[in-house]
Amino acid sequence: MEERLNELEIKLSFADDAIDELNRTVFRQQQLIEQLQHDLRALRQQMLASLPEEKRTLQDENPPHY
């Protein structure tokens, strides 16, 4: 019985270590996701700011040979 208890305690210790490592990984991934979302918003704003104010159609464009 004592040996079985020791095995269970060892397994629990490894499981705790694995859970801690997974929590750190998830935390880092969440930080990266939030940074990527921030960057995407900034890029979207830059893109929208660079679009012309007036709507243009293909008829407004010169053909490539001009």
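E21, R24 and R28 are linked in a network of salt bridges, a salt bridge being a side-chain nitrogen of Lys or Arg within 4 Å of a carboxyl oxygen of Asp or Glu. Before going further, a word on the source: this is a predicted model, in which local features need pLDDT of at least 70, side-chain atom pairs count only at pLDDT 80 or more, and totals for chains, interfaces and linings use all residues. Residues are numbered from 1 along each chain as its sequence is written, and side-chain values use heavy atoms, with hydrogens and water left out.

### The network

Side chains of opposite charge can pair when their charged atoms come close.

| Salt bridge | Closest N and O atoms |
|---|---|
| R24 and E21 | 2.7 Å |
| R28 and E21 | 3.9 Å |

R24 and E21 both lie in helix α1, 3 residues apart, which is about one turn of the helix. How open to the surroundings are these residues? E21 counts as partly exposed because its relative accessibility is 36%; the term covers values between buried (under 20% relative accessible area) and exposed (over 50%), found with a 1.4 Å probe and protein chains only. R24, at 43%, is partly exposed, and R28 is partly exposed with a relative accessible area of 45%.

### The whole chain

The chain has 1 helix and 0 strands; helices (H or I, at least four residues) and strands (E, at least two) are DSSP runs, numbered from the N terminus. Its radius of gyration, taken over C-alpha atoms, is 28 Å, well over the 11 Å that the globule rule (2.2 Å times the number of residues to the power 0.38) gives for 66 residues, so the chain is more spread out than a compact globule. Along its principal axes, the C-alpha trace spans about 90 × 25 × 15 Å. Buried residues make up 0% of the 66 residues.

### After the helix

Helix α1 covers 2–50, and E54 is found in the segment after it. With 57% relative accessibility, E54 counts as exposed. The C-alpha atoms of E54 and Q30 are separated by 39 Å, with the two residues 24 apart along the chain. L51 also has its place in the segment after α1, and its 45% relative accessibility makes L51 partly exposed.
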